[in-house]
Amino acid sequence: SGILTGTVVFFILRFTRRKKEIVGQYNTSFVFSGNLKQTSLLDAIQFLEIGRREGILHIYCGRRKGYLTFQKGQIVDAFYRNETGREAIFRMLDLPEGDFYFEPKTISQPRLINESMMDITFEWDAQRNGGVIQE
């Protein structure tokens, strides 16, 4: 969590300095990658949501690959193995290890996931805990 906080501060400072140069455009020099043992997928997703990023978050676990597509910080599509949508997100959130890489790019596709990430996370957490919501 401390590593992610330092990374978030670095990218926020970097973005703030360059914001005046890119008003109305996406910063294509943004690079965000990591390891799921050091940074949870949920933390990575929240970071991209807060930054209102647009592009594809690629998730690798061995030879398996998944992705989350973001438009203005919102997840609009997901795929992992043979699953799509919420089920794909659930499977990726359960990964104990792997790597991720964010590819900034303009996304022009219909929104296939309409729930907020918060709602999806609550449902995922309830499933993991046998339907019991933890406080």
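Predicted model: local features only at pLDDT ≥ 70, side-chain atom pairs only at ≥ 80, totals over all residues.
Let's start with the overall layout. The protein is built from four helices and six strands. If you follow the chain from the N terminus, these elements come in the order α-β-α-β-β-β-β-α-β-α. Of its 135 residues, 37% count as buried. The accessible surface comes to about 8,400 Å², and carbon and sulfur atoms account for 51% of that area.

Now turn to the inside. The largest nonpolar core has 28 residues, and the ones that touch the most other members are Ile45, Leu57, Ile59, Leu68, Ile89 and Met92. Several elements give two or more residues to this core: helix H2 (41-50), strand E2 (55-61), strand E3 (64-71), strand E4 (74-80), helix H3 (85-93), E6 and H4. Helix H2 gives the most, with six residues.

Setting aside neighbours within four places in sequence, Leu68 is in contact with Ile45, Ile89 and Met92, among others. Its contacts also include Gly55, Ile56, Leu57 and Ile59, as well as Ile75, Asp77 and Ala78.

From the core we can move on to the charged residues. Side chains of opposite charge can pair when their charged atoms come close. In this structure there are six salt bridges. One of them joins Lys37 to Glu97, with the closest N and O atoms 3.4 Å apart. This pair links distant parts of the chain, since Lys37 sits in the loop between strand E1 (32-35) and H2, while Glu97 sits in the loop between H3 and E6, 60 residues apart. Lys37 counts as exposed because its relative accessibility is 63%, whereas Glu97, at 40%, is partly exposed.

Another salt bridge brings together the side chains of Glu83 and Arg91, at 3.7 Å from N to O. Both partners are partly exposed: Glu83 has a relative accessibility of 26%, and Arg91 has one of 33%.

Helix H4 holds a pair of its own. Asp125 and Arg128 both lie in that helix, three residues apart, which is about one turn. They form a salt bridge whose closest N and O atoms are 3.8 Å apart. Asp125 has a relative accessible area of 25%, so this residue is partly exposed.

Finally, let's visit Arg111. You will find this residue in the loop between strand E6 (99-104) and helix H4 (117-128). Which residues does Arg111 touch, not counting those up to four places away in sequence? They are Gln74, Ile75 and Val76. Asp77 belongs in this part of the picture too: its C-alpha atom is separated from that of Arg111 by 6.7 Å, although the two residues are 34 apart along the chain. The side chain of Arg111 also reaches the backbone oxygen of Ile113, at 2.7 Å. Is Arg111 buried, partly exposed or exposed? Its relative accessible area is 35%, and therefore Arg111 is partly exposed.

Note on methods. Residues numbered from 1 in each chain as written. Heavy atoms only, no water. Buried < 20%, exposed > 50% of the residue type's maximum accessible area, 1.4 Å probe, protein only. Contact = heavy atoms within 4.5 Å. Polar contact = N/O pair within 3.5 Å; in protein donor to acceptor, adjacent residues only side chain to side chain. Core = buried A, V, L, I, M, F, W, Y, C linked by side-chain atoms within 4.5 Å. Salt bridge = Lys/Arg side-chain N within 4 Å of Asp/Glu carboxyl O. Areas by Shrake-Rupley, 256 points an atom, 1.4 Å probe, with all protein chains shown as cover.
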